[in-house]
Amino acid sequence: MCSRKLNSSDGEWCRGKVALVTGATSGIGREISKLLAASGAKVLLCGRNEQAMASVSAEMAAEGAPAIETFICDFSDSASVEKLADNIGSRYSVDILVNNAGFGHIGTFDETPEDTIISMQEVNISAVVTLTRKFLPFMLKKSGGGILNVGSIASFFSIPGSALYCATKHFIIAFTDALHEEAARFGVHVTGVYPGNTATGFAARATGGKIKAWESAMDPAVVAREALHGLRDNKIRVIPGYTNKIKVLAAALMPLRLRLKKLYAGFVEMKK
Ligand SMILES: NC(=O)c1ccc[n+]([C@@H]2O[C@H](COP(=O)([O-])OP(=O)(O)OC[C@H]3O[C@@H](n4cnc5c(N)ncnc54)[C@H](OP(=O)(O)O)[C@@H]3O)[C@@H](O)[C@H]2O)c1
């Protein structure tokens with residue numbers, strides 16, 4: 001079971017801070033938002049689906065979250081992300097930024113619809129860059145805050161049938177590792193969390209509803225807690241769960257050609 005509160009030391013690190021969480025309407029982002037609020041942060045929830053946002057904010061308010069505010073924004077529209085960043089930046093000094101919003105698509109690249117290709121780059125990469133560019137300079141001046149970027153175990157190896165998604169998540173690991181070192185000297189934590197299959201809306205969306213949920217998926221609340229522990233401790237990379245750690249290690253040890261063939265066979269099986 002995942003306790004809603006982190007623990008006293010997390011509480012100390014989060015208390016009184018302003019935390020902006022993207023993709024807060026569902027899954028991992030929703031759980032991260034609840035944990036941050038329970039640990040005393042003021043949470044700025046950002047999502048696209050208004051109904052889901054109303055539900056998560058009502059749930060958090062009922063649980064006694066001290067202060068939350070909601071922002072609706074479609075990250076596939078870069079101008080809207082810029083506007084959101086300016087709006088929040090003019091009103092808040094963001095101490096914690098959680099770049100969590102993202103989605104995948106299961107299918108070969110040639111079969112992937114053009115609008116999916118464009119919006120995946122906007123949501124999974126461009127919005128992360130825009131928000132980091134906006135809020136990191138203030139964090140460096142103030143110190144004590146941090147950025148949590150949500151990658152995937154697909155940040156460590158590429159999966160045929162998910163080429164662009166994997167590439168966007170490879171971006172996350174490259175960006176986060178380097179920022180970690182740049183920010184550390186200013187007392188700002190930058191951490192990447194790299195989940196494997198997690199029980200959220202991700203699978204249904206990535207497969208167009210064909211697969212409702214991954215098998216043996218982790219609880220998003222557990223992923224959220226491990227991620228925030230990692231951020232508090234200024235870890236560079238967090239891979240939640242032993243199975244995921246083993247998958248990443250096994251992928252690194254397996255010859256590349258063999259690994260790609262095996263993963264492609266898995267994709268073909270999934271498509272049947
Ligand atoms: N679940 C997994 O198996 C898994 C594994 C590895 C990594 N991840 C990563 O974990 C992160 C969170 O995903 P999740 O598993 O929690 O899936 P989820 O339940 O589908 O949540 C995704 C979140 O991203 C938001 N989002 C998607 N497209 C958006 C857009 N165009 N504009 C604004 N917000 C948008 C969604 O908002 P709306 O609902 O409001 O559209 C939702 O809040 C993603 O970066 C994903 O790549 C997930």
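Aspartate 95 is buried, with a relative accessible area of 9%. Buried means under 20% relative accessible area, exposed means over 50%, and partly exposed lies in between (1.4 Å probe, protein chains only). This is a predicted model: local features need pLDDT of at least 70, side-chain atom pairs count only at pLDDT 80 or more, and totals for chains, interfaces and linings use all residues. Residues are numbered from 1 along each chain as its sequence is written, and side-chain values use heavy atoms, with hydrogens and water left out.

**Aspartate 95**

- Aspartate 95 sits in the loop between helix 4 and strand 4 (96–99). Helices (H or I, at least four residues) and strands (E, at least two) are DSSP runs, numbered from the N terminus.
- Its side chain reaches the backbone nitrogen of valine 18 at 2.7 Å.
- Leaving aside neighbours within four places in sequence, aspartate 95 is in contact with Gly16, Lys17, Val18, Met139, Lys142, Gly145 and Gly146. Contact means heavy atoms within 4.5 Å.

**Nonpolar cores**

- In soluble globular proteins, nonpolar side chains tend to be buried together.
- A nonpolar core is a set of buried Ala, Val, Leu, Ile, Met, Phe, Trp, Tyr and Cys residues joined through side-chain atoms within 4.5 Å.
- The largest nonpolar core has 33 residues, and Phe75 and Ile88 touch the most other members.
- Strand 1 (18–22), strand 2 (42–47), helix 4 (78–91), helix 5 (114–142) and helix 6 (163–184) each supply at least two residues of this core.
- Helix 5 gives the most to this core, with eight residues.
- Beyond its neighbours within four places in sequence, phenylalanine 75 has contacts that include Thr22, Cys46, Val81, Leu84 and Leu131.
- A second, separate core has 29 residues, including Leu36, Val193, Val223 and Ala224.

**The ligand**

- There are 31 residues around the ligand, and Thr25, Ser26, Asn49, Tyr165 and Thr200 come nearest. A residue is near a molecule or strand if one of its heavy atoms lies within 4 Å of it.
- By class, this shell has eleven nonpolar, 16 polar and four charged residues. Ala, Val, Leu, Ile, Met, Phe, Trp, Tyr, Cys and Pro count as nonpolar, Asp, Glu, Lys and Arg as charged, and the others, Gly among them, as polar.
- A backbone N or O atom of glycine 23 lies 3.1 Å from an oxygen atom of the ligand.
- In threonine 25, a side-chain N or O atom is 2.7 Å from a ligand oxygen atom.
- In arginine 205, a side-chain N or O atom is 3.1 Å from a ligand nitrogen atom.
- The ligand exposes 880 Å² when taken alone, and the protein buries 95% of that.
- Helix 2 (27–38), helix 6 and helix 7 (202–206) are the elements that give two or more residues to the shell around the ligand.

**Positive phi angles**

- Most residues other than glycine have a negative phi.
- Serine 143 has a positive phi, near 65°. Serine 143 lies in the loop between helix 5 and strand 5 (146–150) and is partly exposed, at 34% relative accessibility.
- Serine 216 also has a positive phi, about 45°. Serine 216 lies in the loop between helix 7 and helix 8 (220–232) and is exposed, at 75% relative accessibility.

**Alanine 221**

- Alanine 221 belongs to helix 8 and is buried, at 12% relative accessibility.
- The C-alpha atoms of alanine 221 and isoleucine 28 are separated by 6.8 Å, although these residues are 193 residues apart along the chain.

Notes: Polar contact = N/O pair within 3.5 Å; in protein donor to acceptor, adjacent residues only side chain to side chain. Areas by Shrake-Rupley, 256 points an atom, 1.4 Å probe, with all protein chains shown as cover.
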